[in-house]
Structure formats: C-alpha cells, structure tokens
Amino acid sequence: MSITIEEIKRIANQGPYLPTWESLFQYQVPEWFLKAKFGIFIHWGVYSVPAYRNEWYSRNMYITSHPEFQHHVKTYGEHKTFGYKDFIPMFTAEKFNAKEWLAIFEKAGAKYIFPVAEHHDGFQMYQSALSPFNAVEMGPKRDILGELKKEAEKRGIHFCTSSHRAEHYFFFGHGREFESDIVAPLTKDSLYWPAMPEPDHQDLFSKPYPDQAFLEDWLLRTAELIRDYQPEILYFDWWIEHDSFKDYLKLIAAYYYNLGVKWQKPTSICYKHDAMMFGTGIVEMERGGFEQAQPFSWQTDTAIARNSWCYTDSLAYKTPLEIIQTLIDVVAKNGNLLLNVGPKADGSIAKHDQDILETIGNWLSINGEAIYGAKVWRKAQEGPTRQPSGQFSDAQQVHYTSEDFRFTACGDAIYVFAIGDLQAKNQITVKSLADIKNQNIPEFHGIIESVTLLGYAQELTWVKDKKGLHIRIPKLKSGLPQVFKVRIK
C-alpha cells in the first residue's frame, strides 16, 4: 500500500511527539540499547557484485580520474553499454540464508543488527511501492530486510536498519559528464534519478539545493521503510545535516517516534554531524570515538575491514584483538559498538569474517558480564594510551601497553579491563584503586571484598596500598584483553 505525505503529516502531528525540536526533546534512549552495547552493521547490495575497492563503486565508476572507472571499462566495457544498473541481474544472492547469518551474529555476541535498507546507489533491499529497483522485484527477488527481521526477532535480537538515501541526490551525477547510460531526462522511476552535480559536502547550505520532489521522495521512502518494517532504531548516514532536510527530518522523527508509542516499542534515530538537535536521538561517530567518557549515550560504527564497508577482493582486515579493544574502550566511555560485516555478492559471509566474529563471541562468552548492561565507572581509563577523539580515527591501530586499563561497573563489581597484552606479566597495579586515606579526594574509597579474573576459577591474591591495587595474575591463555572483577562490599 502506497504511503502519502498527508498520512505522514497526520501521524507526525497527532502526538505525543510533534515535529519540533522542543517536542522531540522528550525522547529517551531505549533501555535495551543502553544495555546491549554490541551490534552488527551489514553493508550488502548491488555494489557487492563488482566487489572492487569499496561500496562507493556506484559513484566512483563514473568519475574518470578514479581507479573504479578504468577497472569498469576493462572488466565490463564502456559505461554507455554496461552501467551500474546492469549489475542488478548479477545480484542473485543465491547463497543468502537469514538463519545462517543470524546464527553467526548471535554466536558473535551481537544483541542487535543494522542491515542497510538502501545505500547511496538507490537500490532498496526490501519491498517497496515507490520504486521497482528493489530486491523483491529485481536481483535476488526476495525481501532481504524482511527475512533478516523475522529471523532476528526469533532469536531475541533487536532489529534496526539504516537509510543512506539522502546522498543519492548527487551520487550518480558524474555520469552526466561523459557518454554513459545516465542520460537526461531522468524520471523518478529511474534508478539514477536525479543524478545532480555533487555539492560541497562540508557546506550545510551547498547548491544545487535539493528540490521538493527529491525531499518528498526521501520522506516517503523513509516513512514506508518505518511503517512496513518497524525497526527499533533507524540509522541515517550523512548529508541529512544539510539545511534542506531540516523540516523533513523533524517530520519523519515525529512520525517515527509516534508510531513507536503506538507499537508500544521505543524507537530511536542514530544521526551524525549534528543533523538532529542534541537529545532527540543517538549521537553516531563513524569510525571513531572520544578520548574521554561522555555523559550521554552514543554509538560508534566501524568495520571489520579498514578500507571498505562492503566485501571486496582487497580487504585490509582488523584483528580480533583490535576490535575487542575498540569495544572495551567504547563501552568504558558510555558508548555502543556497531561492527560492520560485508557479505559476498552471493549472500555468503567470508570465512575470515566468520573467524573474527567467532573470536569476539568466544571472548564475550567469558567476559560479557563486564560489557552487557554495564555502566561507566567514575573513571573510564588509566594508563598512557588514549583513543583520539573524532571520526575516521581508526585508520591506524592503537597500540596499548600492559599499563593501560579501562573500567566499567555493574552490580556489586568494578570491572578492570587490562586492554594490553599481559602474557609476560605476573602482576598488575591498578593505580585508580589505590588506598586513599583522605575520603575528600575524589578517588576510590570503598572496601574490596574479592578479586577474580573472568574465565579463571580461583580467587586472586591481591593487596591494596597507596600506590594502587596490586593483583597477582596466573599464566594467561591468550593475548586478548583480560577482565578483572573487583567485588565491592
């Protein structure tokens, strides 16, 4: 059933939320999200077919100075005879099995999933009445999003999704600069429409300014996705911070949050670049984080690979150690980690990705009590090594030492994460838990009852003095981060 602008406006204005920042400020971050801490992002679509460099192939193949352009001509022929749309019949997803995917993600310890519903290329991975370029009518001819939602909910895994539609306004614009299959005039039923010139991404008022037709199309697609798939959280990629989207963004937020009330299911929006008023959604940090703990809930999204979100034949994989260290650092600073996996075009998940996820899952099966449901402690970290603040700060791995610790608190325990390698150590000293006699100093002044190492049965030998909490540690089984449970009386 088609959705209308009138219907969106009616629901957005019926309350309890209204399309104003003042009203949307009533919003609260869902309780389950605060406890979940770890989710899986999934970048999978038509761009997975060429599997070359990264998921921006649809844009870059039309830019003559980019490697994708030459690769495309050499591999598939000239753009006027084989354009991006011609990959769709090749996207058959014959090995896609939602049950197998969710089994992998569940074993990895993920509590929620974020499959991409529509990327910049404009191909919808779900059933839509607004465009024939969707996975039900073309390519796989299956409701990919619907199958993942059904299987996730069977397992008690929270279903969320993302829309990257805003950038579609200019994503195919370069295809008009030479002879290609992107030929004017373009109509709304074209995959490539509107293919406008690419603006300055940093300019919030850049031109060409999206017109009413595109903005209403964005609104309708987003509302249809919300109404038909009822995600618990909706993630928006960048460019919705542009001035042209502001009224539409407030409208869709009120629409979505009001439907959440109707569904008796709290809903939320993840946003970047201050696209929304602070306090009306979840702050998102792409491939980065904060140096210090934050007083608000936030999420970082990053990928298993350093150089791409989708599967390619040249992925620069991160190690399980690095990803676990990121998870610890983020959670200690009041954040969640959304880790991306890029399946192959046929719908299978590469073995290397599966091995990484399995290692993370095994670690969480032992140490999860320090992650899930944990809160920040009065200090997030101790030691010489700091994660830099800002987005796209994960280009280089952070190397932690045996003196670097992160902290969380849950129940009657303070959890101390030894984030560096302790295999050569037989004792650690946690300075943040020193025996401070002056209770007016804002440091730890509680009574320690016991110290244990998660995954090890025996209680550890420890002593506390003015220099810190000294803990004798056993011979360790791996170089992955170790978690000490300090029970408080």
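Me: What should I know about the numbering and the model before I start?
Reply: Residues are numbered from 1 along each chain as its sequence is written, and side-chain values use heavy atoms, with hydrogens and water left out. The model is predicted: local features need pLDDT of at least 70, side-chain atom pairs count only at pLDDT 80 or more, and totals for chains, interfaces and linings use all residues.

Me: Which residues does the UniProt domain annotation cover?
Reply: The unreviewed UniProt entry places "domain: Glycoside hydrolase family 29 N-terminal" on residues 10-369; such annotations may be inferred rather than shown by experiment. Over residues 10-369 the chain is 33% helix and 12% strand.

Me: At what angle do H9 and H10 pack?
Reply: Helices are DSSP runs (H or I, at least four residues), numbered from the N terminus. Axes are lines fitted to C-alpha atoms over the stretch in contact, and angles run from 0 to 180 degrees between N-to-C directions. H9 and H10 pack at about 15 degrees, with axes 10 Å apart. They are therefore roughly parallel to each other (angles under 35 degrees; over 145 is roughly antiparallel, 65 to 115 roughly perpendicular, the rest oblique).

Me: Which residues of H9 and H10 make the contact?
Reply: Contact means heavy atoms within 4.5 Å. Among them are Leu 215, Trp 218 and Leu 219 of H9, and Leu 251, Tyr 255 and Leu 259 of H10. The residues of this contact divide into 13 nonpolar, two polar and two charged.

Me: How do H1 and H10 cross?
Reply: The axes of H1 (residues 5-12) and H10 (residues 246-263) come within 8 Å and cross at roughly 65 degrees. H1 and H10 are therefore roughly perpendicular. The contact includes Ile 8 and Ile 11 of H1, and Leu 251 and Tyr 255 of H10.

Me: What about H11 and H12?
Reply: The axes of H11 (residues 320-332) and H12 (residues 351-367) come within 9 Å and cross at roughly 45 degrees. That makes H11 oblique to H12.

Me: How is a pair of aromatic rings described?
Reply: Such a pair is described by the distance of the centres and the angle of the planes. Rings of Phe, Tyr and Trp (its six-membered ring) pair if their centres lie within 6.5 Å; planes under 30 degrees apart are stacked, over 60 edge-to-face, the rest tilted. The count comes to 46 aromatic pairs. Tyr 62 and Phe 172 have ring centres 6.0 Å apart and planes at 80 degrees, so the pair is edge-to-face. Tyr 62 and Phe 172 are 110 residues apart in the chain.

Conventions. Helix = DSSP H or I, 4+ residues; strand = E, 2+ residues; numbered from the N terminus. Nonpolar A, V, L, I, M, F, W, Y, C, P; charged D, E, K, R; others polar.
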